[in-house]
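Please work through the two exercises below with the sequence and the 3D structure at hand, and try each task before reading its solution.

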Amino acid sequence: MTFGRGKVVLHNIGRLNFVECDFSQSQKLGKVLICQSWQLNYSMVIKLKGERMLEEPIAREAIKMNGIKVALVGIGNVASAFVQGLEYYKNVKSNSEELVGLGYADFAGFHVNDIKVVAAFDVVDSKVGLDLADAIFASPNNVMRFAEVPKTGVKVQKGELHDGVDDMLMSLVTISTKPEVDVVKALKEAGTEIVVNLLPGSAENASQFYAQAALDAGCAFINGTPIPIASDIEWSKKFEEKKIPLVGDDIQDQLGSTVLHRNILQLLVARGVRVDKSYQLDVGGGAESLDSHYRGRMRKRGVKSSAISQDLPYDAPLVAGSSDYVNFMDNSRDSYFYILGRQFGGAPIKIDIRMEVTDGPNAAPILFDAVRGTKLAIRRGVGGALESLSAYGFKMPPAPTTMYRAERWVEEFLLGKRQS
Ligand SMILES: NC(=O)c1ccc[n+]([C@@H]2O[C@H](COP(=O)([O-])OP(=O)(O)OC[C@H]3O[C@@H](n4cnc5c(N)ncnc54)[C@H](O)[C@@H]3O)[C@@H](O)[C@H]2O)c1
């Protein structure tokens, strides 16, 4: 048995390029060498020929520490896609056909399969008390069914209501009469490491309640909603003091209207087009569209408009937001883009695009990356708002930047060259 240090070239998957990583410990067992990189959280098994290493690792896997224990708050359409995705992608390999729709099979040293949901909270009658595998398909959820999820053994517990359900949403649900659980105690008992907040977008008090519960239970917090938590300096300080990671706010879909809009604007800027004005408006069904059309309309519009302005290096009238709720559209969303600009010699350019996507599945892959990156931060003892992960996967991060720079930040964070 031997121990040593060295360097291993990683051929990475996807957009981010990890060129090399140090392995801090290696252990020879028979004809294989097991290299552990705490920097990237990887272990690699490398076949030996005599005492020589073959260049390519024959297996590479995360150093598993009982998976990543996650609690989901709000078992709506995004939570449904998240849980279905864990089943659908559980055996996916990097660079394989089944990778479709997923950014990374392995991220921050963890496979999708390492993510375990250990607790779930909701307040509505149709979901509380059910196994998570059933609750994700309960009314009013209307996301597509793309995986058969076996029973999880995780029962949806009744959390605290606060402002989670307003009068409009009340037309779709009934609040459970079951007693509320002690959320902090429930998080601790489940051994939760990361709380993922998927409440309705305008549930401000409820989101703050769960952020505090995460802090009190010693869990990291990922805020999928547009309520300012990670981007709020006071919350960020509280998490920093307790050395607990905080990520958010407002998920930026894998390929949703914000990402497409930002990329088109970047392209136009790079090709010398002067963008004079642009709007992007969404129409959708589902409970969240109802919430963002009525209660959360102006907040959502502010978050989306300021996200796209990051990719334009000058001021121009930009508007992005939800414009209507159409109940029969279910979880699908139509986005309309309009961009007006000037090219060479002042020649006009006008772009009109309509995109149709399904909401829930668009948010889940980014959440998978956020959860795995957050776990890496926990392992490194990093607390407070994680700037890189937040800018990479969320529309209202604590440190807003261009999409390109956000990806470089994440790359540096994963390689240990950047703390947060
Ligand atoms: N692609 C996307 O869908 C996308 C993109 C960006 C951001 N988001 C954000 O993700 C969040 C979740 O979206 P969704 O489509 O799943 O919403 P949803 O309305 O389908 O689900 C919200 C869930 O929260 C539950 N809830 C309400 N109050 C609660 C409380 N006090 N405690 C526990 N549970 C409570 C509801 O019963 C419901 O099950 C929203 O804030 C949305 O803005 C989603």
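**Exercise 1.** Determine which residues of H1 meet which residues of H10, and describe how the two helices cross.

*Solution.* In H1, Asn 77, Val 78, Ser 80, Ala 81, Phe 82 and Gly 85 meet Asp 359, Gly 360, Pro 361, Ala 363, Ala 364, Leu 367 and Phe 368 of H10, where contact requires C-beta atoms, placed from the backbone, to lie within 7 Å. By class, this contact of H1 with H10 has eight nonpolar, four polar and one charged residues, with Ala, Val, Leu, Ile, Met, Phe, Trp, Tyr, Cys and Pro counted as nonpolar, Asp, Glu, Lys and Arg as charged, and the others, Gly among them, as polar.

Turning to geometry, H1 (residues 77–88) and H10 (residues 359–380) pack at an angle of about 60 degrees, their axes 8 Å apart. That angle makes H1 oblique to H10 (under 35 degrees is roughly parallel, over 145 roughly antiparallel, 65 to 115 roughly perpendicular, and the rest oblique). The crossing of H1 and H10 is right-handed.

The model is a predicted one, in which local features need pLDDT of at least 70, side-chain atom pairs count only at pLDDT 80 or more, and totals for chains, interfaces and linings use all residues. Residues are numbered from 1 along each chain as its sequence is written.

**Exercise 2.** Find the buried residues of H6 and state what they pack against.

*Solution.* Within helix H6 (residues 233–241), the buried residues are Trp 235, Ser 236 and Phe 239 (buried means 20 or more other C-beta atoms within 10 Å of the residue's own, exposed 12 or fewer, and partly exposed in between). They cover an arc of only 100 degrees around the axis, which puts them on the same side of H6, and they pack against helix H5 (204–217), strand S15 (245–247) and strand S20 (384–385). On the other side of H6, Ile 233, Glu 234 and Glu 241 are exposed.

Note on methods. Helix = DSSP H or I, 4+ residues; strand = E, 2+ residues; numbered from the N terminus. Arc of directions from axis to C-beta. Contact = placed C-beta atoms within 7 Å. Axes fitted to C-alpha atoms, helices over the stretch in contact; angles between N-to-C directions. Left-handed = near helix turned anticlockwise from the far one by under 90°.
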